[in-house]
Amino acid sequence: MSSGIQWDENRGWKDPQNDEPHLGSEADPFRYVLSKPIAAPPDTVWNYNGGGTDLLGNIIERVSGKSLDAFAREALFVPLGISDWEWMKYRNERISAAAGLRLRPRDAAKIGQLVLNKGAWGGKQIVSAKWIEQSVTPRFQAIGFFGGLFYYGQQWWMGRTLSGDKDVKWIAAQGLGGQRLFIVPELDLVVMTTSGLYGSGRQGQAALDILANFVIPYVRDTR
């Protein structure tokens, strides 16, 4: 999200200046992303860019020699016991790395638990602990999204919730429509919520309300 590529998806879906729909409509979405001009030096300005996430997915495919879904199945889903999932493809049959994964809530929560466990699952190190730490370290203020209240690391959001007299920090994956996965390390807590508020400016508000007013206050033992 700090590649410096000129990109704008913080617009209405039908706005012709919204870059995100091009990821699904272009015959070669990677060429579309790479054809965009450079607006800032890399790693200096944060700008939400789903096209950049698609490029990351393509890099994984090139390095691993496998399709993104095959790599994810082998490296992540099978070790976590996730067998029921879907991953949307573009019309050119390439996986939509930025927005296409569908998981059951209990399985999405497993990914949250993996992060909470610093990459370990079932006594095995599935993902590098160093990578987990690096990816959930705040690097930029997320200006332009969610009121600019949150921070961004590497493919993870970070924020804080005031619940009573508790100022609680969390890590989150935030999906379209209000799907939210919260990881709260200081409370040893993972929360997954689902919602259908697609296209609504209120998406995600319910999840934050649930977290602040119904979950955090009733966590009894954090040890």
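A cavity is here a set of points, on a 1 Å grid over the protein atoms alone, where a 1.4 Å probe fits but cannot get out. Residues are numbered from 1 along each chain as its sequence is written, and side-chain values use heavy atoms, with hydrogens and water left out. Because the model is predicted, local features need pLDDT of at least 70 and side-chain atom pairs count only at pLDDT 80 or more, whereas totals for chains, interfaces and linings use all residues.

The lining of the largest cavity (residues with an atom within 4 Å of a point) consists of Phe30, Asp54, Gly57, Asn58, Glu61, Leu68, Arg94, Ile95 and Ala97. By class, this lining has 4 nonpolar, 2 polar and 3 charged residues; Ala, Val, Leu, Ile, Met, Phe, Trp, Tyr, Cys and Pro count as nonpolar, Asp, Glu, Lys and Arg as charged, and the others, Gly among them, as polar. Helix H3 (residues 50-64) gives the most to the lining, with 4 residues. Helices (H or I, at least four residues) and strands (E, at least two) are DSSP runs, numbered from the N terminus.

## Glutamate 61

Glutamate 61, one of the lining residues, lies in helix H3. Glutamate 61 has a relative accessible area of 17% and is therefore buried. With a 1.4 Å probe and protein chains only, buried means under 20% relative accessible area, exposed over 50%, and partly exposed in between. Leaving aside neighbours within four places in sequence, glutamate 61 is in contact (heavy atoms within 4.5 Å) with Lys66, Ser67, Leu68 and Arg94.

## Nonpolar cores

The largest nonpolar core has 22 residues, of which Trp46 and Trp157 touch the most other members. Strand E8 (166-175), strand E9 (179-184), strand E10 (189-193) and helix H7 (205-215) each supply at least two residues of this core. A second, separate core of 19 residues includes Ala72, Trp87, Val115 and Val136. A nonpolar core is a set of buried Ala, Val, Leu, Ile, Met, Phe, Trp, Tyr and Cys residues joined through side-chain atoms within 4.5 Å. In soluble globular proteins, nonpolar side chains tend to be buried together.

Beyond its neighbours within four places in sequence, tryptophan 46 is in contact with Met1, Phe140, Gln141, Ala142, Ile143, Phe145, Tyr152 and Trp157. Asparagine 47 lies in the loop between helix H2 (29-35) and H3, and its relative accessible area of 28% makes it partly exposed. With the same exclusion of neighbours within four places, asparagine 47 is in contact with Met1, Ile5 and Trp7. Asparagine 47 and phenylalanine 140 are 93 residues apart in sequence and 9.3 Å apart in space, C-alpha to C-alpha.

## The antiparallel sheet

An open sheet is formed by 6 strands in the order E5-E6-E7-E8-E9-E10, with antiparallel pairing. Two strands pair if DSSP finds at least two bridges between them. The edge strands, each pairing on one side only, are strand E5 (140-141) and E10. E5 and E6 pair over 2 bridges, and glutamine 141 has tyrosine 151 in E6 as its bridge partner.

Strand E7 (residues 157-163) is largely enclosed by the rest of the structure, because 5 of its 7 residues are buried. Strand E6 (residues 151-152) pairs with E7 over 2 bridges, where tyrosine 152 has tryptophan 157 as its partner. On pairing with E8, E7 is joined by 7 bridges, and tryptophan 157 stands opposite alanine 172.

## Hairpins and edge strand

Positive phi values occur in the hairpins: near 70° at glutamine 155 in that of E6 and E7, which has 4 residues between the strands, and near 65° at glycine 164 in that of E7 and E8, which has 2. Aspartate 165 also lies in the loop between E7 and E8 and, with a relative accessible area of 75%, is exposed. The C-alpha atoms of aspartate 165 and isoleucine 95 are separated by 44 Å.

E9 and E10 are joined by 5 bridges, with leucine 181 opposite methionine 192.

Note on methods
On a 1 Å grid over the protein atoms alone, a cavity is a set of points where a 1.4 Å probe fits but cannot get out, and a pocket is an open set with protein on both sides within 12 Å along at least five of seven lines; lining residues have an atom within 4 Å of a point.
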